[in-house]
Amino acid sequence: MSSDLKKWKFQLFDNATWSDGKPVTSSDVKFTLENLAKFTPHKMLYTEDIESIETPNANTVIINLKKPDANLLYTWDVVKMLPEHVYKGVQNISSFNGKEASIGSGPYIFEKFDKNAGLLVFKANENYWEGKPPVDVIEYRMYKNTDTLLQALLKGEIDAPASTISYYYVPKILQKEELGIMTAKNGGVSLAIYFNVEKPPYDSKVFREAMSYAIDYNEMMKLFTAGYGSIPPAGWIPEGLYGYVETQPLAYDVNKSKALLDSMGMVDLDGDGFREMPDGTKFQGEITARSDIADHARAAEMLKKYFNAVGIDIKFKWVDLATFDALTGATEEMILSPTSYFGISMGAGYGTGLVGTGEYGWCMLNETTYNSLADQLSMAGDEDTRLKLGGDLQRYYADNLPMITVYSMDLIQPYNKKYAGWVVGLSSVLNHHTIMELKPA
């Protein structure tokens, strides 16, 4: 990369091929980045700062940016390259689902999909540039719910879930001699409330602080992590993320919550148990949450209880996954959601892709100190500087609470001991390390 962080040069492996045998070239990279927003609108966030793309030869790509971006490689973690010879004629990607749509450049090649059985089969790529992976075939089975999936694991029908699990299933797994469990600190946020700080009363730091004191974090930890978690930090960034710094833990104090609301002039005027706004109008906060995650419904019940106890009336708006993925913070009051490592790492890093006013803008935060820290992060190529700025940003989050983590749970990953080489990555064992290292024990 150039010293001003605006020019990035990538050298492709000359033996990399697509699964149909055609070489992976710089033209594929250029095509993908120039068409990403057309195929996946939210991915515009990853390419909107590209000024131009040069392809001086088949194995070299030069990306010229409009502004410095020290975090480019982390942001592009989730950007997958597409074969130009397959996708150049595709207009509607949602209806493009034939055999050609499965062509990739990874260590495994798509073999078949049995819709009735909920089964995907992948075979090892003999020509993978890094060498053929040690396991010849991987079967990926789909289940309607976690209970059914865990029953399949206990019966030996599968070797590991593709994602980490709730503590609820741990005792039954540990009863099986052939199964083991690995744990790791979470690189994502288990569950948090994100405030749209442009809308009153969420624009008030005092109100956000009052809501933070209303939550019994110890009870949430016991209910949702059973010892596999911790009281979340006020600085939001999880302990498992590189660059984490310790900030004060979030605290439960009903009396302090009530006193803060009183100080704002939010009091119960009509005696119904709920506080009105300072101008006397009724207040009912709305939290948007996903309807497809059972734990979120249980967490919502607890949060409603906590907020009602300090006189804050709350309702939940439940949406399906597709609707949730399409929304932005600009249209919502509050959002209840987990956040993956990838979500935290995009933008300038340390959650700036979600917190600021960009593509997702869950918090719609647009404030001088925050903007300065985010801008400096974008321009900081030195690791020590980035870590210092990241620490400053976490302390900013802790002081201003644009979001509140509800509970923090470690990653819990079951696996079958007949294989060695399982590695818990950023969210599960379904990662490159496991795929390339897994072998019979």
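This is a predicted model: local features need pLDDT of at least 70, side-chain atom pairs count only at pLDDT 80 or more; totals for chains, interfaces and linings use all residues.

Trainee: OK, what's the strand order in the open sheet of three strands?

Mentor: The order is β4-β5-β6, and the pairing is antiparallel.

Trainee: Which strands stand at the edges?

Mentor: Those are β4 (108-114) and β6 (137-141). Each has a single partner strand, so one side of each is left without a neighbour in the sheet. From one strand to the next, the twist averages 20 degrees.

Trainee: How many bridges join β5 to β6?

Mentor: Five bridges, with β5 covering residues 119-124 and the two strands running antiparallel.

Trainee: And which residue in β6 is the bridge partner of Phe 122?

Mentor: Look for Ile 138 in β6.

Trainee: Switching topic: what volume does the second largest pocket have?

Mentor: About 570 Å³.

Trainee: Which residues lie nearest its centre?

Mentor: Asp 49, Lys 67, Gly 347, Ala 348 and Ser 378 do, out of 25 residues that line the second largest pocket.

Trainee: Which helices supply at least two residues each of that lining?

Mentor: You'll find α2 (44-47), α3 (72-75), α13 (352-355) and α14 (368-379) doing that. The largest share is from α14, which gives five residues to the lining of the second largest pocket.

Trainee: How does the lining of that pocket split by class?

Mentor: There are 10 nonpolar and 10 polar residues, plus five charged ones, in the lining of the second largest pocket.

Terms used. Residues are numbered from 1 along each chain as its sequence is written. Side-chain values use heavy atoms; hydrogens and water are left out. Two strands pair if DSSP finds at least two bridges between them. Helices (H or I, at least four residues) and strands (E, at least two) are DSSP runs, numbered from the N terminus. Axes are lines fitted to C-alpha atoms, for helices over the stretch in contact, and angles run from 0 to 180 degrees between N-to-C directions. On a 1 Å grid over the protein atoms alone, a cavity is a set of points where a 1.4 Å probe fits but cannot get out, and a pocket is an open set with protein on both sides within 12 Å along at least five of seven lines; lining residues have an atom within 4 Å of a point. Grid points are joined across faces, edges and corners, and a volume is the space filled by probe spheres set on the points. Ala, Val, Leu, Ile, Met, Phe, Trp, Tyr, Cys and Pro count as nonpolar, Asp, Glu, Lys and Arg as charged, and the others, Gly among them, as polar.
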